Amino acid sequence: MGAPTTFIVPCLVSHCSFQIHINRHRKQIASETNRWLVKQRNMPSDALRRLHGLNCGRLTAMCYPTASAPHLRVCNDFLTYLFFLDNLSDDMNDLSIAATADTVLSTLRNPHTYRASHVGKMTKDFYRRMVLTASAGTQQRFIKSFGLFFQSIQQQAQDRASGAIPNLDSYISLRRDTSGCKPSFALIEYANNLNLPDTVMEHSVIVSLGEAANDLVTWSNDIFSYRVEHAKGDTHNMITVVMNELGLELQPAVDIVGRKCKESIDHFVDYRLKIPSWSPSIDEQVQIYVEGLANWIVGSLHWSFVTERYFGKRGAEVKANHVVEL
């Protein structure tokens, strides 16, 4: 029996009952970010080409639907920049990633004084705008989680170089950081002008809600991106990890990851019912933050069939019939 040439994508959209909201500033901000990218000096033409068809503006508009135009612009610049870093890191070893991390994190910690290189200049540009209104807690969470992102993609690069495939538990922990979801979730606070204390953000229920949202976004992404990553021989994918750990063929592994995605949505719904009360002011902000996590869940699912990053021009077709050709 030969290697499979297709697989069936589980219908995750139908399992998610959250309503989609789209920011009214989407088109304006998408155009502004595109102009911002083109203006970056020394931006490799290949890097710009790989961002073609990304349609990041749609993702940003669905994940931060109530943000003002200036706030949405920062969010869209950051997410586009995050995809740029993700593409860049695919061709880097762990030492190159460490050097990039040092530049980016030094820029974030000293946005007005650090003399940055190309990537650092992009970092400085969006972050200087972010700190104008972001609370101190939001800034700290953003920088800390971005540091974890770089640590995790360093580990990913080491695994890639050695051909190692992590076990499932290790992969789940690592994937929550390689996804870039944590700094993106900090932008929910920024986009909505929230000022939540650490005691609230570190509460077990709030942490669990964030993990459930992160897991859905990242595990579903592993399903949607498997076609591209399989073609490149990339093993940093939950489907590959499950196949390796359980000795499964492709479709049974996809089905397991799909079930875990649906369970993560169910966990999010359950934890949402367990949110404690702090005070009227804090409770209102918590509800806005958790709604932002829900926006990320539903927005990322629908965007995955709009972007050309995973299925090229066939996203709508895959969304309708669920068949992916390898």
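Here is a short walk through this predicted model, one selection at a time.

Before you click, some ground rules: residues are numbered from 1 along each chain as its sequence is written, and side-chain values use heavy atoms, with hydrogens and water left out. Because the model is predicted, local features need pLDDT of at least 70 and side-chain atom pairs count only at pLDDT 80 or more, while totals for chains, interfaces and linings use all residues.

**Start with the whole chain**

Show it as a cartoon. You'll find 16 helices and two strands (DSSP runs numbered from the N terminus: helices are H or I with at least four residues, strands are E with at least two). The radius of gyration is 19 Å, close to the 20 Å from the globule rule for 326 residues, so the chain is as compact as a globular protein of that length. That radius is taken over C-alpha atoms, and the rule is 2.2 Å times the number of residues to the power 0.38. Along the principal axes, the C-alpha atoms fill a box of roughly 60 × 50 × 35 Å.

Of the 326 residues, 53% count as buried (buried is under 20% relative accessible area, exposed over 50%, partly exposed in between, with a 1.4 Å probe and protein chains only).

**Now open the largest pocket**

Select Phe83, Asp86, Asn221, Arg309 and Tyr310: among the 41 lining residues, these lie nearest the centre of the largest pocket. Its volume is about 890 Å³. On a 1 Å grid over the protein atoms alone, a pocket is an open set of points with protein on both sides within 12 Å along at least five of seven lines, a cavity is a set where a 1.4 Å probe fits but cannot get out, and lining residues have an atom within 4 Å of a point. Points are joined across faces, edges and corners, and a volume is the space filled by probe spheres set on them.

Next, colour helix H4 (69–89). H4 gives the largest share of this lining, six residues. By class, the lining has 13 nonpolar, 17 polar and 11 charged residues (nonpolar: Ala, Val, Leu, Ile, Met, Phe, Trp, Tyr, Cys and Pro; charged: Asp, Glu, Lys and Arg; polar: the others, Gly among them).

**Move on to the second largest pocket**

This one has a volume of about 610 Å³. Of its 20 lining residues, Arg141, Ser145, Lys182, Met201 and Val207 are the closest to the centre. The lining splits into seven nonpolar, five polar and eight charged residues.

Asp177 sits in helix H8 and is buried, with a relative accessible area of 15%.

**Look for the closed space**

Select Leu85, Leu88, Ser89, Met92, Ile97, Thr100, Phe150 and Ile153 to see its lining. Six of these are nonpolar, two polar and none charged. H4 turns up again, with the largest share, three residues.

**Finish at Thr235**

Is Thr235 buried or partly exposed? Partly exposed, with a relative accessible area of 24%. Thr235 is in the loop between H12 and helix H13 (238–246). Beyond its neighbours within four places in sequence, Thr235 contacts Ala164, Ile165, Thr240 and Val241.

Notes: Contact means heavy atoms within 4.5 Å.
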